[in-house]
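Hi everyone, thanks for coming. Have a look at the model on the screen, and I'll talk you through it.

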Amino acid sequence: MSPTAPEVTGGVNVEELRRALSGPVLGPDDDGYDAARRCFNALVDRRPSVIARCLGAEDVATALGFARAHELEVAVRGGGHNPAGHCVCDGGLVVDLSLMRQVDVDGDARLARAAGGATWLDFDAATQTHGLVTPGGIVGSTGVCGLTLGGGIGHLTAQHGLTCDSLVGAELVTPDGTIVRASADENRELLWGLRGAGGNFGVATRLEFRLYPLETVVGGTLSFAGNGVLDALRRFRDVVAGAPRELSCQAVISVDELLRPALLVAPCYSGSNGVPEELRELRAGSGLVDDGVRRRTFLEQQRVFDSPYGENRHYWKGHFVRDLPDELIDELLRRIAALGRPPGEILIESLHGAPKDDGAPAGAVGFRGAAFNISAMASWQDSALDQEHIAWARATAAAIEPWSWSGGGYVNYMQADEPIERVRAGFGDETFERLRALKLRYDPTNLLRRNQNVPPG
Ligand SMILES: Cc1cc2nc3c(=O)[nH]c(=O)nc-3n(C[C@H](O)[C@H](O)[C@H](O)COP(=O)(O)OP(=O)(O)OC[C@H]3O[C@@H](n4cnc5c(N)ncnc54)[C@H](O)[C@@H]3O)c2cc1C
């Protein structure tokens, strides 16, 4: 780039921001721009005018100030996994936190502080050196902040609740560039909002979590195929209904290479009691074709699932449900038969155990009373199949809807085309209005609107 010719793209003077930021700034002509704008979901292909790779809260404030001054749309990138592609926008500015990944652990106080762009791999690696955990997500490359701010469901949900239940403090840069803190003693209402509707109020440069001792679990996956899938799904439902809180469990319905229905059951047992009766019950299903459940380190358990980044097109849609009766199980098996080929799936996450505790910390999430989160997750590569896969996911969600807890979906899994009514229903009317008042206080102009948006009100 010639020093006499400032890099101006889409009316944005990239050089001006480059001079003001301590971290790197990328414009469309720079090396690394295409990698930096890539999302987990290959269906999303947007070209921001400028990407600000922030190194700290001051950089975030500078980037937000630049966006305000030039009236640019803002997207915030943590781990880049949101299926709606909220981490990137067309023609605006990306506040990219991917260089801010420090995780500091205070083993004695059982607290961890994660910078705004840390991933679960960063987090678990740091906390496990102290033999400690917090209930996070199940894929290591997912962002800690993005996942927590939308709730957070994973391998330790039954044991310790939603991820946001362990969130005890935050440092945030609000859209006007102010650095604010939220904790039990300071800005309590903000901490309440961060637990579920978090991306709406500011850019989190640090989140602080409570930790719990845990080094090994009995976990992995049980694979079922063919006619045994129906029986195994019913067992999964019945086992989690009576499971102790030491056992979290999820299930994934798909179609295998032989085009038979297939089921993965993923238990995670953290008790000290050898192999509990519930695991024996899950294993007893008639169609068991592979048993990968054994004692593992927690870090091994966190690697049981993975998903390639930026390679597949995705469209997800689902419902929290009140229960999982036989009729709904039959419906889910019909829907997976309608898909008819890999690699799409239906994910069933159980919310039994700690999320139901009376003493769960106050937060905005509106789904802790539901029994399961059921999500149709279409996944494909050929763009010619876009409409077919999107239609399958939508029809599957519609088939689940009669059992819906509130009509709302999980904000962490929502696509960008969900209507505001679905977001509102996910929180409930009263909570949504309280969130709108909080939004008015921290982001009155709705600068942070590329998210499952809560409009100021
Ligand atoms: C492969 C995969 C596995 C997943 N597994 C789980 C799981 O086990 N459990 C679960 O609950 N969810 C899971 N999710 C969903 C995931 O929690 C959400 O998609 C979440 O938004 C991803 O956060 P991110 O930081 O990686 O994404 P990004 O796309 O970078 O961020 C998404 C949005 O979150 C907000 N955000 C992110 N970081 C910050 C920040 N520091 N400050 C303010 N706002 C921020 C912004 O609004 C941003 O646009 C998974 C998603 C994928 C693709």
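This is a predicted model: local features need pLDDT of at least 70, side-chain atom pairs count only at pLDDT 80 or more; totals for chains, interfaces and linings use all residues.

Residues are numbered from 1 along each chain, as its sequence is written.

So, the whole chain. There are 14 helices and 22 strands; those are DSSP runs numbered from the N terminus, with helices being H or I of at least four residues and strands E of at least two. The C-alpha trace spans about 70 × 55 × 40 Å along its principal axes. Buried residues make up 54% of the 457. By buried I mean that 20 or more other C-beta atoms, placed from the backbone, lie within 10 Å of the residue's own.

Next, the domains, whose bounds come from an automatic or database domain assignment. We have domain 1 (11-96), domain 2 (103-214 + 428-442) and domain 3 (216-419). The centres of domains 1 and 3, taken over C-alpha atoms, are 34 Å apart. How many residues of domain 1 are in contact with domain 3? Nine, and they meet twelve residues of domain 3. Contact here means C-beta atoms, placed from the backbone, within 7 Å.

On to the core. The largest nonpolar core has 139 residues, and V265 is among those touching the most other members. A nonpolar core is a set of buried Ala, Val, Leu, Ile, Met, Phe, Trp, Tyr and Cys residues joined through C-beta atoms within 7 Å. Leaving aside neighbours within four places in sequence, V265 has contacts including L222, F236 and L282.

Now the ligand. There are 36 residues around it, and G78, G79, G143, G146 and G199 come nearest; being near means a C-beta atom, placed from the backbone, within 6 Å. Two or more shell residues come from each of β5 (74-77), α5 (144-149) and β12 (203-210). The largest share, four residues, belongs to α5.

Last stop: L332, in helix α11 (residues 326-339). Why does L332 count as buried? Because L332 has 23 C-beta neighbours inside 10 Å. Not counting residues up to four places away in sequence, L332 touches I253 and I346. L332 and I346 are 14 residues apart along the chain, with 7.8 Å between their C-alpha atoms.

That's my tour, thanks!

Terms used: A residue is buried if 20 or more other C-beta atoms lie within 10 Å of its own, exposed if 12 or fewer, and partly exposed in between; C-beta atoms are placed from the backbone. Two residues are in contact if their C-beta atoms, placed from the backbone, lie within 7 Å.
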